[in-house]
Amino acid sequence: MHRPSPTRGPWRRRAAAGLRRRWPECALGFGVVLVILGPVLGPGYLLRYDLVFVPDPPFGAMVWGSDGALPRAVPSELLAVGLSRLIGADVAQKVLLAGALLLAAVGAARLTPVGHPAARIAAGLCYVWNPWVYGRLHLGQWAIIAGYAALPWAYAWVVGVIRAQPAGVGRRAAIAGGLPVVLGGPALVLAAVLTCAPALVLARRWRALAAGGATLVGLTLPWQLAFLDRGGAVDLDERGIAAFAARADTPLGVLGSVLTLGGVWNRHAAPVGRDQWPVALFALALATSAVAAFLLSRRWPPALRWGLAIGALLGIVIAVAAAWPPGERMLVGLVEHVPVAGIVRDGTRMLAPLALLQAVGLGLLVQSLVTSAGRAATAILVLAPVLVLPGMAWGLTGQLDTVRYPPEWASVRAVVNDDPAGGSLVSLPWSSFRAYRWAGNVPVLDPAPRAFRRPVVGDQDVLVGRERIRGESRAAERVAAALAGPGDPGPALRRLDVRYVLIQTDQPGAGGLEGRFIDADLVRRDGALTLLRLTGDGPTPAQGGIGTVPVMGYSVLTATLLIALLRPTKRLRRMLLSGHLVGRDRQ
Amino acid sequence: MKASFNPLLTVIIAAAVGAVLGILAVSVGTSQLANTTPAKVDQPIIVYGER
C-alpha cells in the first residue's frame with residue numbers, strides 16, 4: 001500500500017514553503033530581470049556582438065561543433081537551439097538571458113550565510129549588478145553569464161560538502177544550479193575550478209574534489225571531443241593576448257579597475273561614469289569593504305573563506321597578467337605551447353570568483369549593520385551596487401533593443417535548408433561581424449552560421465581597433481585563399497566542397513562581389529540577400545548526419561546530468577557529484 | 001492575530017518595487033549619462049571592439 005511520505009507534501013505546499021523562506025531572493029531575482037531586461041522582454045531579437053539568435057534555427061554543424069571552427073558554441077548552442085524549437089527563438093533568447101540573471105541573483109543571495117532579508121538581497125544584487133555583468137551583457141555573451149550564474153550554486157555544493165550537511169532539497173538544488181556552469185565554456189569551467197577547488201583542497205575533501213572534477217569532465221566532453229576531432233591544435237593569434245587584455249576603465253589603473261570587477265577589454269563595454277574619480281573611489285571603497293567583511297567574518301569555516309579568497313586571487317592574477325608586459329610574454333609562450341591555454345585570453349572572465357566573494361562579503365557587511373546602524377545606512381549599502389552603476393538599468397540605459405529579421409532571411413534559409421545535397425555555404429562579404437541598419441548598426445556576429453543546417457564558412461578574424469586578430473578555422477583560411485585569387489573564385493570554392501555563396505549586399509564591401517562569380521547560378525535575389533549556387537565539378541555528397549563524435553560527447557553529458565539529477569541513481573550521483581563520501585574524506 | 005502570508009502578492013509587490021527602484025536609479029544617473037552617446041556604431045565600421 002502506498003503511504004505518503006511525511007517529509008514530502010504536495011508540490012504546491014513545498015513550493016509555498018520554499019517561497020516563504022526564500023522570498024527576498026525570488027523578489028530580487030524577478031526585480032533585477034525586470035529592471036535590467038525590461039525594454040527587451042517584448043517580441044523581437046536582441047542582436048549585438050556575440051548575441052545572435054535566428055528564427056527557427058536548425059541543429060546545424062555549429063551546434064555539434066563540426067563546422068571546422070573552434071567549438072566555442074558547444075554545448076550552449078544546443079540548449080539555445082533546442083529551446084528555440086520549443087518556444088520560438090526570440091522568446092528562448094529572453095528566457096535564457098533572464099534565467100541567467102535570475103539564477104545569479106538567487107544563487108548568491110541563497111549562498112550568503114546571513115539571516116536578514118536585506119543582507120541576502122544585498123549579496124544577490126551585488127553579484128548581478130556590477131561592471132562584470134554589464135560588460136558581458138553589453139557584448140551579448142549570454143552563455144558566459146549563464147556559467148557565471150552557476151558559480152554561487154556550485155559553491156553552495158562545496159559549502160554543503162565541507163560542512164557535512166545532510167543530503168536534501170538544498171543539496172539537490174545546489175547541484176542543479178551548479179550544472180549550467182558548463183554553458184560558459186572552458187573559460188567559466190576554469191572559473192568554477194578556481195572558485196571551488198581551493199576550498200575543497202584546504203578542507204582535504206579529496207573525494208569530493210575528484211567527484212567534482214569527474215562531473216566537469218563529463219559535462220565538457222562534447223567540447224573536448226569536438227576540439228580533438230578538428231585536430232586538437234589551435235594556432236591562436238598571439239596578438240589576441242594583448243588585444244583582449246584587461247584595460248583600465250577607471251582612474252585607478254588596471255589593478256583598481258579589476259578589483260572593482262571592471263577592466264573589460266572593450267572600451268564600449270565599460271559602464272559610463274567609471275572614468276570619474278568619485279565613482280571609481282566609491283566602487284573601490286565598496287569592493288574593499290566587502291572583501292574585508294568576507295575575510296573577517298567567522299560565519300564560514302576557514303577553508304570556505306580562504307578557499308574562495310585563493311580562487312579570487314588566482315582569478316585576479318590571470319586577469320591582470322596580460323596587461324603586464326612580462327605576464328603578456330608568459331601568456332604568449334603558454335598559448336604557443338598549450339593548445340587550450342587560449343581560454344585565459346580575455347582574462348577578466350576569471351574575475352567571477354572575486355565577484356562572488358564581494359557579493360557574499362557585502363551581504364555579511366549588511367548583516368552586521370542591520371542591528372548596529374540605522375535603516376537609512378543599511379538601505380544605502382544594499383543599493384550601493386545600483387548607485388555606483390545606474391547605467392545598468394533599463395537595458396543598459398537603452399543600449400539593448402530588439403529587432404526583427406527582414407523576411408528575405410526566411411526565404412533564403414528555406415531554399416538552402418531544403419536542399420538535400422551536401423556542401424558548405426560561404427558567407428560574404430568576408431567579415432566575421434555584420435552591422436545591419438535595421439539592427440541599429442551595432443556590430444553583431446554573422447547570423448549565417450546559425451541560420452543554415454550545412455557548415456557555413458565565413459571570416460573568423462576579428463578587428464579590435466585597427467588590429468586584426470586572426471581566427472582559428474582552417475576551412476576559413478582555405479576559402480579566404482580561394483577568394484583572394486584573381487578571376488572567378490567559383491571553381492576553387494567548388495573544389496573545397498562549397499555549394500552555395502550567400503552575399504549580404506547591405507554590408508560594407510559587398511559591391512561587385514556577385515559579378516566575380518561568373519559561372520554561378522543565381523538562386524535568389526531577395527532584399528539584401530543574394531544566393532548563388534556554384535556549378536562545376538566538386539565533391540557534393542548528401543548532407544551528413546550528426547556524426548559519431550557529437551553523439552558520443554552528448555551521450556556522456558546526458559548521462560552525467562542524469563546521474564547528477566535523478567533520484568533513482570542516487571548511489572551513482574553520490575559517487576559523481578554530491579560528495580557524500582565526505583565521511584570517508586574526513587577519516 | 002496571526003499574520004497571513006501571500007507569496008504571489010509578495011513577489012508582485014517586490015517586483016514592482018524593484019522596477020520603481022530601477023527607474024529611480026536611471027533618473028539618478030541621468031545627469032551623468034545625458035551628455036554621452038550610446039555605444040552604437042553610427043557608420044557600419046565592423047570592428048568587434050576598441051580598447
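Predicted model: local features only at pLDDT ≥ 70, side-chain atom pairs only at ≥ 80, totals over all residues.
1. Strand β11 of chain A spans residues 529-533. Of its 5 residues, 4 are buried, and the strand is therefore largely enclosed by the rest of the structure. A residue is counted as buried here when 20 or more other C-beta atoms lie within 10 Å of its own.

2. Strand β9 (residues 498-504) of chain A runs antiparallel to β11(A), and 5 bridges join the two. Within this pairing, A:L502 stands opposite A:L531 of β11(A).

3. Strand β10 (residues 521-526) of chain A is also antiparallel to β11(A), again through 5 bridges. A:D521 has A:R533 in β11(A) as its bridge partner. The hairpin formed by β10(A) and β11(A) has 2 residues between the strands, and A:G527 there adopts a positive phi near 60°.

4. The largest nonpolar core contains 206 residues. A:A105, A:L125 and A:L356 have the most contacts inside it. Helix α7 (residues 142-162) of chain A supplies the largest share of this core, with 18 residues. Because domain 1 (11-38 + 46-401 + 556-578) and domain 2 (421-533) of chain A both give residues to the core, it lies between them. In soluble globular proteins, nonpolar side chains tend to be buried together.

5. What is A:L356 in contact with, leaving aside its neighbours within four places in sequence? The residues are A:A108, A:Y127, A:L151, A:P152, A:Y155, A:T195 and A:L308.

Definitions and conventions:
Residues numbered from 1 in each chain as written. Chains lettered and ligands numbered in written order. Buried ≥ 20, exposed ≤ 12 C-beta atoms within 10 Å, placed from the backbone. Pairing = 2+ DSSP bridges. Core = buried A, V, L, I, M, F, W, Y, C linked by C-beta atoms within 7 Å. Domains from an automatic or database assignment. Contact = placed C-beta atoms within 7 Å.
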